[in-house]
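Here is a quick, friendly tour for anyone meeting this structure for the first time. Have a look at it, then read on.

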Amino acid sequence: MPEKVRCAVIGAGGIGLEHLQKLAQCPQASVVALAESNMERAKIASDKFRVSRSYADYHDLLDQPDIDAVTVALPNYLHAPVAIEALEARKHVLLEKPMAVNGKEAAQVVMTAKKMKRILMVNQQFRFKRQTQIAKQVVDRGDLGEIYHARCFWLRRSNIPRIGSWFTQKQFAGGGCTIDLGVHVLDACLHLIGDFKVNSVSAHSFSKFGPRGLGEGDWGKSEINPKRPFDVEDSSIALLRCAGGRTILLEVSWAGHHASESRECGIDLLGSTASLSLYPARLFRPGAMGYETVELASPKVPYGEEPAHHFIQCIVEGKRPLVALEESLEVQLILDAIYASAACGKEVRLR
């Protein structure tokens, strides 16, 4: 391995630009190339981050022997196929969430990573939030006792990605708010309780705003379809029953008349000894002077706060990423079950 990990970014849209910025700030990484089919976006990204090589076709990038790792920042339907090709080209891969648009594709990604003996990490950013890592330490110490129920949510009043962009088309995105926002809080919640084995899912989804052209934000504005299709959900709710007996309630929306935006996303863990909530990180428990609220803080967290930096460090040091392949696959299977349950109106069993 050279002194710095030689990296490339596939996709120079909004997420790709974030990847370029994070890698440029990583002392162990060097960005040597990018791939982007839109020439205007490719030039903007190349000039801004001083990337010397740009490829219109990502296959040409993957053919380059001096690239050690790539990040995949493309529409959801391209995540799995491009990741598989990158792994087969012997590149380490940082893959944007969701891992794929279904469990079958996700399983193929996992199998390829293991076969090629390359590091693959899904960019589950919420695990790296400082408050999530602090909460994980509290949970792992046993401060909550037995965790029997959790609620995770991301509820936005008016933030549907631009209607007509790939985000609002099932063929490109795989789904709507659940696969876009819900995957973040669901992954973080399962990570906190340390249990990714879900037995069954009961879910319902709604499309109350997007089909009427309401609740639109400004994400995805450069990829508008003039027919403005919207065939995904803009809100959903799911009850998960875990193998260990606990339950998880997931609530997600891109648009809705919610009471407050002061805490639009969060995780609540109910334990037999105490409870914990994010974000912000707070512990609720009986105290000597009555019930008390403890604000949680720590000057240092074990994994840093940048997933891209952690990914590079794992390559350099040969470490197992915080976001394990098997856990990302389980999250994808749960998402599949949520969509299946919402479609059939019945509980869906995973195992």
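Contact here means heavy atoms within 4.5 Å. Helices (H or I, at least four residues) and strands (E, at least two) are DSSP runs, numbered from the N terminus. Keep in mind that this is a predicted model, in which local features need pLDDT of at least 70, side-chain atom pairs count only at pLDDT 80 or more, and totals for chains, interfaces and linings use all residues. Residues are numbered from 1 along each chain as its sequence is written, and side-chain values use heavy atoms, with hydrogens and water left out.

## The overall picture

The protein chain has 10 helices and 15 strands. Its C-alpha atoms fill a box of roughly 60 × 50 × 35 Å along the principal axes. For 351 residues, a compact globule would have a radius of gyration near 20 Å, and the chain agrees, with 20 Å. That radius is taken over C-alpha atoms, and the globule rule is 2.2 Å times the number of residues to the power 0.38.

How much of the chain is tucked away? Buried residues make up 53% of the 351 residues, where buried means under 20% relative accessible area, exposed means over 50%, and partly exposed is in between (1.4 Å probe, protein chains only). The chain exposes about 15700 Å², and carbon and sulfur atoms supply 50% of that; the areas come from the Shrake-Rupley method with a 1.4 Å probe, and for residues only the protein chains shown count as cover. Among contacts between residues at least 6 apart in sequence, 74% join residues at least 24 apart.

Start with helix H1 (residues 14–24), whose buried residues are Gly16, His19, Leu20 and Leu23. Seen down the axis of H1, these fall within an arc of 100°, so they line one face of the helix. The arc is that of the directions from the helix axis to the C-beta atoms. As a rule, an α-helix has 3.6 residues a turn, so residues three or four places apart point the same way.

What covers the buried residues of H1? The cover includes strand E1 (5–10), strand E2 (29–35), helix H2 (39–49), strand E4 (69–72) and helix H9 (307–317).

Now hop over to H9, where Pro307, Ala308, His310, Phe311, Ile312, Cys314 and Ile315 are buried. Their cover includes E1, H1, E2, E4, strand E5 (92–95) and strand E6 (120–122). Just after H9, glycine 318 takes a positive phi of about 65°.

## Salt bridges

The structure holds 24 salt bridges, each being a side-chain nitrogen of Lys or Arg within 4 Å of a carboxyl oxygen of Asp or Glu. Here are some of them, with the N to O distance.

| Residue | Partner | Distance |
|---|---|---|
| Aspartate 66 | Arginine 53 | 2.6 Å |
| Arginine 151 | Aspartate 268 | 3.8 Å |
| Glutamate 317 | Lysine 319 | 2.8 Å |

Take the pair of arginine 151 and aspartate 268. It links distant parts of the chain, with arginine 151 in strand E7 (residues 147–155) and aspartate 268 in strand E11 (residues 265–271), 117 residues apart. Arg151 and Asp268 also belong to a network of salt bridges with Glu251 and Arg263. Arginine 151 counts as partly exposed, at 24% relative accessibility.

## Two buried polar residues

Lysine 136 is found in helix H6 (residues 130–140) and is buried, with a relative accessible area of 17%. Where does its side chain reach? A polar atom of that side chain lies 2.7 Å from the backbone oxygen of histidine 191. Leaving aside neighbours within four places in sequence, lysine 136 is in contact with His191, Leu192 and Gly194.

Serine 200 sits in strand E8 (residues 198–206) and is buried, with a relative accessible area of 2%. Not counting residues up to four places away in sequence, serine 200 touches Leu239, Leu240, Arg241, Glu347, Val348, Arg349 and Leu350. One of these, glutamate 347, makes a side-chain to side-chain polar contact with serine 200 at 3.1 Å. A polar contact is a pair of N or O atoms within 3.5 Å; within protein, one must be able to donate a hydrogen and the other to accept it, and residues adjacent in sequence count only if both atoms are side-chain atoms.
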